[in-house]
Each structure stands twice: as C-alpha cells, then as structure tokens.
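Subject: Structure handover

Hi,

Here is the structure I promised to pass on to you. Please have a look through it, and then read my notes below.

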Amino acid sequence: LCSCTEGEPLFVSVPPSHSQIEFSNDIEEDSLNNIYSFMNIYTGAGVGVGDIDNDGLTDIYMAGNMVSSALYRNKGHLRFEDITEKSGLTSQSWATGVSMIDINQDGWLDIYVCVSGSAAVSERANLLYINQKNGTFKEEARNYGLADTAQATQAAFFDYDKDGDLDMFLIINPVDYTQSSVNRIRPKKMKGESNSTDKLYRNNGDNTFTDVSAEAGILVEGYSLGLGIADLNNDGWPDVYISNDFLTNDVLYLNQGNGTFRDATDTLLKHTSFAGMGNDIADFNNDGLMDILVLDMLPEDNRRRKTIVPSGSYDKLQMLSERGYTPQYTRNTLQLNNGNGTFSEIGQFAGIDKTDWSWSILIADYDNDGYKDAFITNGFRRELGDLDYINYQQQELSNPFGSEDNRKQKKLKAIKNLPSAAVKNYFFKNSGDLKFKNVSEIWGSKEKTLSNGSAFADFDNDGDLDLIVNNVNEKASLLENKSDKDKQNNFLKIRLEGKKDNLQGIGTSITLITQNTKQFYQHYLSRGYESSIDPQIHFGLGAFKKIDSLIVKWPDGKTHILKDVSSGQKIFIRYDEATSTSSIHQDKELETDSNTTSNANSESGDKVDREASAGNTQFQDVSSSKNIMFEDVTQVLGTDYRHEENNFNDFNIQPLMPHLQSKNDPKIATGDINGDGLEDFFIGGSAGHSGSFYVRTPDGKFKERPLNQDEQCEDMGSLLFDADSDGDKDLYVVSGGSEFAKGDVKYQDRLYLNDGKGNFVKDISSLPEFKSSGSVVAASDFDGDGDLEDENIDDKDKKDDRVLNVLALLVGLEVPDEGVANVPFLPPRPDPFERFNN
C-alpha cells in the first residue's frame, strides 16, 4: 500500500487550526425545523471545488442547511481563507447540492446551488451566483430561468443535445410524503404526473434556460438523491443515471440522440439498490466502458445489520414486480458494463456492497497506481432506522388518544433522544481484478463521523488527490493525500480548454495508454452526492514515467492524439488545436506548467484512426458479429418453451429458509423416444402444468407433445432410459418441491413406459412407495462392465428388480430389505458418483 513512510496512513486529516476551514453543517431540531416539517432534515449537504479566481489553486464552496453556506479561497499549502461575507455569498437558504460551472462562458467559474427545506415556496428557489471577476458574486438564478423551487438535491451541467452549449439536469426530492407512506406499494408514476419527477433545462444560447422535461421524455418519478452523467454506451451522446430513495426505482435515461431520453433501466439492469443514495460513474476496471456504483444502507457488521435492516418480504417483492418495479435490494450495487447492452451487478463479488448509512461515493485513483479506488462517506444525525424505535413509534407513538399536537411533541421528543448513527468513512483500494480491498484503517479513516457530500482535488498541487468532506455537527474534514511521498508512482494532470460555449470541455473523453494498460475517463463534474469535482483531470500512472498515447476526443468528435507524454506534469489541451480523426497525422505541441512540450510521432492515418477509437466500444448486438458462435434459433426450430411457475411462497411456512425450494425448476432429459434415430427432449412442468416432449422432425425442427399426466406434481429431475429392456426409452420423473404436506402422494416419483412409438403409460406397480421431495435422477454403470444396468440382462425378474434398485439408489432413497428391491444382487462397488464428488 502506498504511503509516505512505512506505517504512515495515505491520508492525514489537516486540522482546522492549519487549514482555517471552520465550517460545520450544524443541524438541530426545533419547532420549525424537524422531521415532521421537513423529512430530509438529516440528509446533509454537498461541496463544490474549483478555481474561482484563476490563480491556479482549487477553492472550496461548502453548502449549509441551517447555517450559511461558505466559500473558502485557497491560499496555498493547504491554508484557506473564508471569503463568504466579502464575496456576497452569505445565505439563509437550505442549500443541498453544489455545482461549480462557468455558466456564462466568460472564463470564470460560477456557483449553482440547489435549495430545499421547509420554507415557503418563494423562499426555496435555487441560487445561481455569477462570478464578477473581482472576488464577488451576484445572484442571478431568476434571470437565467434557473430559480427552480422544487426542493432540489443536485444539478449537473452537460450538453445533452450536442448543440455546443451546456444544459442542466436537476434531480429533486420533494417532501410530500410521511414516514409511513414512502414505501407504500402503489403503481409507478411514469407519465410526468408526479411532483417528484426530475427536470431537464435546455440552454437557449442566450444565458437563459427552458424546462423541456416533458418533451425530452423525463417522465419517471423518484425520490432522487444521486445524479451521474456519462456516455454509458459510448455512442457519443451523454446518458443520465439517477439513484432514488425508498420504493421508487433508480432511473437510467439513455440519450436517443434526437433531443429525447428513454428509460432503459429494465432492459439494461437486472436489479438495483433499494434506498439509492449517492452514485458515481467511472471505468473502474480499465476496459473502456463506464461502470455505475450506487450506495445504500447495508451495515458491514452483523450487529448493526440486525438492528437497522428489516426482514425482507418475498410477497412485497412479488407485488412490486407485478406493478412494474425493477427488483431492488438493500446493499450497494456495482454495475459492471459488459459493452453489449447489459450490465452485471457485482457489488458483493467486488467486496464493496456493505458500507452502512452511506452518502457519497467517489471513484478515483487515490494512490496513483493506475487503478481507480473508492471513497465513501457515512453517517446519519439520528438513528431513525433502529428497528426498536420503529416498532415503538408504530405501537406507542401512534396512540390515537390525545391531541395531534401532543402526539407530535411526544414523537419529536423520542426522536431527539435517539443517538447519532456515526460511522467511519470507507476507503477501498482497487485490486485490479474486479475486486476492492477495504483499506479504511490503513489509509487513515479511523474516526466515526456524520459525513455527506465530498469532493476530490489536488488542493496543494503536489500530484495526488486530496479530499474535502462536508460533515454534520462537526467541522469539515480536509484530508491531505501523502501519495507524493512515494516516488514510485507517477501522475499526469490535464486542463481542458474547450471551444466557445463549453470552455471546460464537459463531455470530453480521454483514453490513456501505457504499454499494455489503458485508462478511460469521461469529463463530467457532478459526482458522488450533492457535490462537484475540480475541472482539472487527474490520472495515476503507477511506475510508468511516460504515456505512450493520450487520445482526447471532444464532444463534437474532434480528436487530439499525443505521443510520448512525460509524467509528473500538468498539460493544457486546447480544442482549437484539434483536428478530425480522419485527417490527424501529427499532434501539435502542448503548453505545460513546466514549459515542456509533448511531441506526437508522425503516424499513418490508419494507425491514428485505430488508436482514436480506443475506449469507444458502443453497445454491440453480438448476433451481428462476423465471428458468430451461437445464434438464437428458438422460434425457427419450434422450441419456444416457456416455463410457468405456480404461485407459492415457502417463506410463509418456513421463514428461516435462505432460498425458495418450491421453484427449483425442472431439468431436461434427452433421448430418441420414437425410434426414428433423431434425438428428442423432455422438459418437466411445475405443479399445475404438464411436462412436454419436444419431438425432432426430419426437417430439423421440433414439435411439442405434452405428457398430460400427473400435472399436480412438481417435476424436478428426469431421465430417458430403457427401464424394461424392450429397446426404447422410458421416462423417469422425480417429484419435488416444498409446497405439499409431508408424506403427500404428490411427492411420489413416477415411471412412464414407452410403447416404442413415443406414447407413454404410467407404470404404477414398479416403483416402491417413497413420498418425499426429490431432486435429481441419473444412470450409472454400477458393476463396471462398461454399460448401464438396464442393458444385457437376461433374467426378466432379476432385471426389473435390478433396474429399480439402481434407480432407488440414484435418487438417494433408502432401499427396503424386501419387496421389489434386491440389494444382494448388486455387486459391491465404490461410490459410483465418486468422480462427480471429486
């Protein structure tokens, strides 16, 4: 692990006595501000970072809820000056999200602040502070058409329609609900009718914005907490991911390239987090595809899991599914982009699924080893998730007697007596193998805090990423990164100078290639939770001292390709020096902080085209590939079987079961059932549905032939074999499941004899009675003579008994001493399934 010296943590907290950052987001309940007047009272605030005075040092804006927000000017050496009052930024608004953006494109960063709270509508308009270039700001949100009053969480600026200027996406979380209604099952609101629907503002090109949400397809409701912008399918158009709290699903809006978006959550994701908090989008595994990490509230330690996480309800999950909700689970989710229009959720595999009451996730290379790590903030002002408190509230505090005011005061007193849910923040080191290692203690996270928004930047310009964290009821945390003390790892910093109307180059993608490694980055600033990062781009390089190729693709497709770029410097890349990919042969020199230049080697146009496309893998339809290996021929061959499961919930009978046993689904058995030399197959059915044969026809297709017997049984394993040695394939079906009572006749296995033409009749006399749930059946060469036991047996009586003995043993049942089984007839042998067990 990287540290400045042996045993010293990677991050060191800079005390306020040195940094002079005294800001504390203090929240205390009173008669006007409490969870009943404003449910989001404890959700904290964000932080924005950027160079507001163009002096080369990154400054900090801290959003405040019940206290004024604050602006700190960076004076160098991790010392800051509070210039809030003299810059004209003292406020009384309940600030939440922060975006530092040059909104009027004059070369100076402005500050857009989202506002929420319980104040009157006229007092909770979002704020836009325009930089006056003299250390002061002027509030002009109304003039720009951005004084939205919808209780916003965060804003992100990006060019969604690719007309060259920056538009604005706004997520909101209105408090039009009560504690008892946020998770009430109801139909989804998908037509823009909910006041919790997020908003899209289009830039009109004249320093005004227009709400185009409805016409752009922004219609899905959600109690929004996290906002991420990225080109998720690398088609050149930025997409939007919104993580939503409570019952409402996360939303993945895919940009259609025509001014509209499509909700593609169900088609791209199999499941999401339940209480979606902050999110971040980054290529964490260096494959050129943007991945998504969303936070939730699952604690790491068992005790807290038992005290704040309620039991899951399968019935509720089914009801939500019936109403069109995407499956949601209480844990962090890491959506790995597969590059083919699907994501694989690997949070548990990656070891990053349990981080408690989490808010901000920032994916960046904190140790400069070339792999993006993760920083996660934690904590909540009151332990409202405590199950004992929830039960107490439902039972004792919901007493209908007494006045409404008395009941309210009693509830508020109970809440104020709750302890804080202070939790340590997390650091995860990227292991480079799709996994993360929890290095929180080693990297310096030791104190429990109530932390919300956070942002990274190189505040001391030493080549590594420091962190600023907005805390509740304690001073903000400034964490100094000591990676610069480890001379083994290198870095590169990039400052983009875009074209008119997008001077920060928002939406630019960068691919960095060093030997056989590649890093991919997309330039969007709203990250984590209610926060925005520094426009200066940072890459960790590990031991590499030189970058082989640096490919910069601007939003309009123009490209820079740099060769042999030295590490340990900041370079400026200017849009006006870019050319179209097809005509690039040699790059121009770039100005750097150290007055050095990076010259591109002359290459052929074809070579440059290939390199410029690195990291530009769009979602591909694999069926269109020239090197196709598999093709879906289900409909063509007539095998469009659809399994239908009966409605039964095991958990209502056995609540401690880890998994349903009634829905294990049937197996497939193959064999020629009609003697035509073509292989057919059988698929069993669930209780209430018949299993079916699919009989192969001479033209290569299949024709379904239902068995239509014993539909009341739950089919499990099946086997086609010659049970009676008459030369055809008979059918054995195992009965299983868990929905029937112990000893029920529907657990009895079944043997169906074939007449040689594919017609089956149930043999009710050959099988012993064993009414217990089964699973699989198989055939094996028990006597080691090279064939199965149903062949080459002359004695009819002994033959039947032997076959049934074999079947009884293979389905795992005890063979009775008398009756059809004849145990002594079987020669002693080792375990016939030893090869499978090993």
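A word on terms before the details: a residue is called buried under 20% relative accessible area, exposed over 50%, and partly exposed in between (1.4 Å probe, protein chains only). By that rule Asn54 is partly exposed, because its relative accessible area is 42%.

Please keep in mind that this is a predicted model, where local features need pLDDT of at least 70, side-chain atom pairs count only at pLDDT 80 or more, and totals for chains, interfaces and linings use all residues. Residues are numbered from 1 along each chain as its sequence is written, and side-chain values use heavy atoms, leaving out hydrogens and water.

Overall, 56% of the 838 residues in the chain count as buried. The chain has 13 helices and 49 strands; these are DSSP runs numbered from the N terminus, with helices (H or I) of at least four residues and strands (E) of at least two.

Back to Asn54: its phi is positive, near 55°, and it is not a glycine. Asn54 lies in the loop between strand 2 (47-50) and strand 3 (59-62). Leu78 also has a positive phi, about 60°, without being a glycine. Leu78 is in the loop between strand 4 (70-76) and strand 5 (79-82), and counts as buried because its relative accessibility is 4%.

Next, the aromatic rings. Rings of Phe, Tyr and Trp (its six-membered ring) pair if their centres lie within 6.5 Å; planes under 30 degrees apart are stacked, over 60 edge-to-face, and the rest tilted. The count comes to 29 aromatic pairs. Phe169 and Tyr253 form a tilted pair, because their ring centres are 6.4 Å apart and their planes are at 50°. This pair links distant parts of the chain, with Phe169 in strand 11 (residues 167-172) and Tyr253 in strand 16 (residues 251-255), 84 residues apart. Phe169 is buried at 0% relative accessible area, and Tyr253 is buried at 1%.

What about Trp357 and Phe380: are their rings stacked or tilted? They are stacked, because the centres are 4.1 Å apart and the planes are at 10°. Both residues are buried. Elsewhere, ring pairs join Phe11, Tyr366, Phe375, Phe427, Trp443 and Phe456 into a cluster.

Lys162 has its charged end over Trp237, 4.9 Å from the ring centre, and Lys188 lies over the face of Tyr325, at 5.5 Å.

Best wishes

Definitions and conventions. A charge sits over a ring if NZ of Lys or CZ of Arg is within 6 Å of the ring centre and within 35 degrees of the ring normal.
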